2 protein chains.
Amino acid sequence: MKTSIATVSISGELPEKLEAIAKAGFDGVEIFENDFLAFDGSPGDVGKMVRDHGLEITLFQPFRDFEGMPASHRQRTFDRAERKFDVMQELGTDLVLVCSNVSPVSLGGIDRAAADFYELGERAAKRGLRVGYEALAWGKHINDHRDAWEIVRRAGHSNVGLILDSFHTLSRKIDINSIRSIPKDKIFIVQLADAPLIDMDLLYWSRHFRNMPGEGDLSVTDFTAAVAATGYDGYFSLEIFNDQFRGGQARSIAADGHRSLIYLGDQVRRAPSTESLTVAAMPNRASVEGVGFVEFSTDEEDAADLIGILRTLGFRKTAAHRSKKVSIFQQGDIRLIVNTEEKGFANASFAVHGTSAYAMALIVDDAKQAFARAEALDAEPFSQPVAAGEVEIPAIRGVGGGLIYLLDDKSDLGRFLEIDFLPAEDEAEITPAHLLRIDHVAQTVAYDEMLTWLLFYTSIFQTHKTPMVDIIDPAGVVRSQVIENASGSLRITLNGAENRRTLAGHFIAEKFGSGIQHLAFDTNDIFATAEALRKNGFRPLHISPNYYGDVEARFGLDPELTERLKAENILYDRDEHGEYFQLYSGTYGEGFFFEIVERRNYRGYGAPNAIFRIAALKKQMRPEGLPKK
Amino acid sequence: MKTSIATVSISGELPEKLEAIAKAGFDGVEIFENDFLAFDGSPGDVGKMVRDHGLEITLFQPFRDFEGMPASHRQRTFDRAERKFDVMQELGTDLVLVCSNVSPVSLGGIDRAAADFYELGERAAKRGLRVGYEALAWGKHINDHRDAWEIVRRAGHSNVGLILDSFHTLSRKIDINSIRSIPKDKIFIVQLADAPLIDMDLLYWSRHFRNMPGEGDLSVTDFTAAVAATGYDGYFSLEIFNDQFRGGQARSIAADGHRSLIYLGDQVRRAPSTESLTVAAMPNRASVEGVGFVEFSTDEEDAADLIGILRTLGFRKTAAHRSKKVSIFQQGDIRLIVNTEEKGFANASFAVHGTSAYAMALIVDDAKQAFARAEALDAEPFSQPVAAGEVEIPAIRGVGGGLIYLLDDKSDLGRFLEIDFLPAEDEAEITPAHLLRIDHVAQTVAYDEMLTWLLFYTSIFQTHKTPMVDIIDPAGVVRSQVIENASGSLRITLNGAENRRTLAGHFIAEKFGSGIQHLAFDTNDIFATAEALRKNGFRPLHISPNYYGDVEARFGLDPELTERLKAENILYDRDEHGEYFQLYSGTYGEGFFFEIVERRNYRGYGAPNAIFRIAALKKQMRPEGLPKK
């Protein structure tokens with residue numbers, strides 16, 4: 001599968017774009033005309049620059065308002081084409097994209113358009129060039145690839161072919177099986193883009209909301225499988241118009257694009273009749289059985305506070321590392337590691353981010369395979385020296401720089417715990433709080449990194465994303481989206497902050513980057529847990545009494561239950577499957593906190609309660625004055 | 001006209017919202033339920049807080065999914081209502097908003113809904129409360145105010161009335177004249193919101209894109225006039241859901257809201273049959289005849305550079321202030337004032353923003369009237385001491401803190417120049433460059449201030465706004481919108497920067513705020529001007545040669561013309577009215593620059609050229625290294 005991306009998809013000036021595209025591993029690049037026009041160098045210079053990066057120019061685009069012009073405009077239109085051909089020859093590319101005419105003066109007519117393309121094909125052939133025709137979803141007369149294909153067929157010229165674009169086809173809900181009957185040699189190139197499903201004007205949607213395959217809601221995989229079924233094995237090229245990407249970092253947008261194509265190729269090669277597609281095999285997406293541990297990097301001083309909170313939550317120290325200043329605190333199947341080493345990655349992370357949950361271990365079906373898949377999907381491997389005889393766990397870097405360890409299965413975790421650690425006895429007086437396992441890990445990320453995280457998790461692990469939800473913080477909107485697997489053994493909530501005055505935004509600003517902002521633990525009995533926490537001196541987050549009057553009326557709760565919820569500061573929600581109870585700690589440091597949930601078949605994450613939880617957290621943070629590092 | 005705003009419209013926690021709303025001058029406030037629920041105080045506390053601010057609670061909202069529920073849900077629905085009534089009585093408000101049912105189980109049926117409302121009216125009456133019914137544009141059965149009104153009519157209960165909302169009516173393009181036949185006493189309250197015209201899902205549009213009346217494209221004025229024609233003179237209340245506002249500063253959003261209502265009232269009172277509306281009369285929008293001068297604040301050192309550039313542009317020093325370090329440079333009808341005073345407002349501005357064009361004078365039909373209108377529209381007046389005998393010019397603060405002087409007419413300007421200034425002779429050798437007048441003033445503003453500026457200019461001056469255009473900077477999208485009047489004697493372009501890596505964003509970041517980033521001057525002969533500039537040693541902005549090949553092909557230009565454009569670095573555009581020529585200087589300081597344009601009946605601003613101009617400016621700025629203050 002040959003990969004390409006249009007220069008318009010990423011930010012920066014042309015040299016910066018090309019460097020990012022090459023570095024991300026693409027094979028080719030579409031030169032978007034404006035990027036070339038704004039560049040202060042000749043077409044030859046641009047061509048050389050592209051080739052010096054080891055890239056091929058897959059396409060020059062766009063050539064607009066060509067076919068079906070009235071006689072008065074026709075000559076000028078061909079003159080314009082000849083000028084583009086001049087540039088293409090100097091650039092060193094043989095393919096131009098002609099998008100369907102949107103001019104109010106264009107006349108329409110399949111045969112008229114076919115005749116125009118025949119003539120253009122003749123002119124292109126003289127120069128050894130080729131012309132690709134693409135139906136824009138908002139073309140005046142041609143807005144369906146089936147009609148564009150009919151024009152190409154009738155033009156009957158070997159230098160004229162079809163260009164398919166997933167957005168133009170999928171946005172109009174055109175049957176993708178109509179692609180399967182197109183001869184592969186008449187498909188000159190295939191462009192790909194995804195988009196979130198929002199019902200709006202097609203042009204506006206296309207100009208502002210496109211994103212990388214797998215980041216949106218369109219069936220780009222099915223589209224690509226239909227293309228592959230024709231035997232097509234040419235370039236798949238990303239053409240993404242997105243305001244967020246235009247303002248983002250060229251390198252990370254290009255890297256996302258490359259990952260999206262690799263992931264797409266892997267999905268498509270598993271579909272029937274796609275054997276022509278040359279895609280390297282890679283292991284299946286890793287099945288995640290649970291979170292083995294979450295590790296905090298901290299120092300001795302902060303660790304005392306952190307451990308104090310963990311104990312109020314019913315955690316006991318159960319093990320200490322044989323050679324490092326690393327302890328394990330455990331309850332049920334939850335292991336929290338506190339690392340106060342003064343060297344190594346944890347300490348480096350502490351130096352930048354302060355005390356934080358900088359690593360988590362995922363228990364997967366096969367750690368080696370999961371690691372191989374992650375590497376195939378451009379994830380950055382991580383390793384650091386371990387003492388002789390100690391267990392080395394494969395690990396990858398998350399998007400923001402945090403770590404994800406990959407543990408084989410529970411016995412592998414057992415081996416790590418047994419070999420590297422010695423059992424410890426916690427002498428503190430702690431009442432067990434019935435916490436069973438990690439329900440979800442909540443990561444706070446910069447809004448413009450959300451899609452990167454989403455693609456990272458969904459492409460490497462067997463997970464799916466849920467629809468994006470707006471969470472209202474008093475200081476702005478926070479976008480929230482969940483990555484989860486079918487069994488619920490992995491649940492990650494991503495909260496994207498757009499401004500630093502929100503709780504999430506403050507966390508990112510103070511932590512100098514994305515990170516885990518809260519951990520939610522499961523209990524089978526929220527009230528028994530609340531009682532145990534009280535005995536341990538835990539201070540729950542205070543929820544406004546007004547909330548309880550509403551929740552009682554909204555769900556028709558027994559007033560006695562409402563009173564218990566209110567007394568314990570427990571939030572309540574319900575969906576069509578069951579009930580949900582949530583109990584929060586206050587914040588620690590720059591906004592880290594803990595949550596305890598009881599799920600009675602409930603499948604969501606209490607989104608309707610988020611506004612009240614955030615208001616309460618912000619209120620609780622305020623009296624403490626300025627945040628401490 | 002009684003003004004109100006829903007707490008959901010602005011950012012912050014409830015006390016902060018109320019303070020901002022009161023400070024902006026509103027009479028009342030709608031309490032949005034979530035704001036109350038998240039607040040840690042009793043309903044009585046909230047009511048007291050509102051009244052302590054001198055505000056009235058106009059409405060408690062929303063009460064959802066009420067009418068037409070099946071028997072199995074009906075009792076719970078009424079129980080929910082009773083709970084809201086409890087809260088309302090404690091809050092101290094008598095009106096609740098019931099929005100049309102969106103529940104999938106709701107049954108529909110006009111008479112069923114009317115019966116439900118009759119019963120709710122009975123219950124409300126017992127407590128002295130009132131119920132208002134509003135048709136949501138996406139209600140399951142009721143999504144048209146005409147149907148909602150039929151339900152209210154059939155309910156026939158004096159405690160049940162209609163709530164109108166401009167967004168719900170205008171978004172569905174419902175005939176607003178249908179409002180004129182509704183009895184005014186059955187309209188319990190009127191909510192107002194505007195929105196940009198983008199074709200999209202109504203709920204998504206409403207949740208994210210609403211804005212203040214006058215800031216969008218809906219005919220809120222006609223809607224309000226139709227309401228006023230009924231004789232309604234109750235509250236007009238803003239209910240705005242907007243992501244940008246949620247993340248903005250509560251004070252400025254509230255101030256915009258108040259200005260929008262004052263402006264709306266003024267427009268509506270001029271419509272026929274609206275005499276029942278109690279709106280204080282104010283002068284007409286000021287007609288602007290031109291820009292009298294633009295004033296730069298600077299110091300002696302920077303002034304030398306600035307004056308050097310002005311001279312290369314063909315400006316001569318023509319006058320010096322009698323008592324201050326202030327000089328006038330003139331060419332044609334363009335006056336640029338250079339102020340190097342070491343005290344006063346100009347100097348204070350210089351201390352914060354560095355050298356900048358901090359003030360402009362608009363020549364209006366009647367300065368006193370214009371000033372009175374600006375004050376009526378919440379603009380902040382400005383004055384500072386002048387020496388005895390000198391002219392005091394009325395002035396207002398712009399949104400960002402810059403100044404706008406209001407000059408009566410040209411003779412008034414003449415008087416100011418004559419009394420305060422002495423003629424001066426510029427001894428430098430300067431070739432006149434045929435510059436005639438200021439074509440447009442380009443202001444760069446933070447993106448979230450754009451609507452504020454737009455409302456400021458359009459409400460005070462006889463101007464209109466043009467559609468927003470996306471300008472592509474290599475580092476992100478810049479939104480551009482023009483404020484202009486019919487004669488073209490006032491043209492202001494607003495460029496809203498979303499990130500600081502764009503040229504516009506850099507300017508704002510370095511200047512610590514919005515400001516004038518460039519001035520465009522008119523010439524009648526761009527080539528003669530270019531020649532004169534060359535003689536003066538002016539260094540034009542270098543445009544990539546690639547641009548000219550494209551422009552020649554695109555417009556079918558005579559190659560000789562293309563060569564001249566290229567030789568002089570002149571950009572070219574054309575619209576259905578005529579041709580446009582643009583010549584730019586490089587940047588000065590943090591990104592300030594000059595433009596010279598020749599309009600041959602052309603009406604736009606060269607938006608298609610912006611991408612090339614920005615790329616060239618950024619390239620030119622780079623070698624200079626770090627920006628100097």
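Analyst: A cavity, as counted here, is a set of grid points where a 1.4 Å probe fits but cannot get out. The model is a predicted one. By this rule, there are seven cavities of 30 Å³ or more. These are taken up again after the contact between the chains.

Begin with how the two copies are related. Chain B is superposed on chain A by a rotation of 180 degrees, with 0.0 Å of shift along the axis and an RMSD of 0.0 Å. This is the relation of a two-fold axis. The same surface serves both copies, as 100% of the contact residues of chain B recur in chain A. Within chain B, the residue that comes closest to the rotation axis is B:Met200, whose C-alpha is at 1.8 Å.

Next comes the contact itself. Chain B gives 55 residues to it, and chain A gives 55 residues. The size of an interface is often given as the accessible area lost when the parts come together. Between chain B and chain A, about 4200 Å² is buried, and carbon and sulfur atoms give 53% of this area. On the side of chain B, the residues that lose the most area to chain A are B:Leu37, B:Asp40 and B:Asn546, which together make up 15% of what that side buries.

Charged side chains also meet across the contact. Four salt bridges are counted between chain B and chain A. In a salt bridge between B:Lys84 and A:Asp550, the distance from N to O is 3.7 Å.

Salt bridges can be followed beyond the contact too. Over all chains, the whole structure has 74 of them. One is formed by the side chains of A:Arg74 and A:Asp116, at 2.7 Å from N to O. A:Arg74 belongs to helix H4 (residues 71-91) of chain A and A:Asp116 to helix H5 (residues 110-126) of chain A, so this pair ties together parts that are 42 residues apart in sequence.

Now back to the empty space. Rolling a probe the size of a water molecule over the atoms shows where such space is left. The largest cavity holds about 120 Å³. It is lined by 13 residues, and those closest to its centre are B:Asn495, B:Ala504, B:Gln517, B:Arg613 and B:Ile614. Several elements of chain B give two or more residues to this lining: strands S18 (435-446), S20 (469-473) and S23 (515-523), along with helices H17 (503-511) and H21 (607-621). Sorted by class, the lining of the largest cavity has seven nonpolar, four polar and two charged residues.

In chain A, the peptide bond from A:Gln61 to A:Pro62 is cis, with omega near -10 degrees. A:Pro62 lies in strand S3 (residues 56-63) of chain A. In chain B, a cis peptide bond joins B:Gln61 and B:Pro62, with omega about -10 degrees, and B:Pro62 is placed in strand S3 (residues 56-63) of chain B. A:Ser273, a residue other than glycine, has a positive phi, near 60 degrees. This serine, A:Ser273, is in the loop between helix H11 (250-269) and strand S9 (288-297) of chain A.

Methods: Residues numbered from 1 in each chain as written. Chains lettered and ligands numbered in written order. Predicted model: local features only at pLDDT ≥ 70, side-chain atom pairs only at ≥ 80, totals over all residues. Heavy atoms only, no water. 1 Å grid on protein atoms, 1.4 Å probe; cavity = no way out; pocket = protein on both sides within 12 Å on 5 of 7 lines; lining within 4 Å. Points joined across faces, edges and corners; volume = space filled by probe spheres on them. Helix = DSSP H or I, 4+ residues; strand = E, 2+ residues; numbered from the N terminus. Nonpolar A, V, L, I, M, F, W, Y, C, P; charged D, E, K, R; others polar. Least-squares fit on C-alpha atoms with pLDDT ≥ 70 in both. Contact = heavy atoms within 4.5 Å. Buried area = accessible area lost by both parts, 1.4 Å probe.
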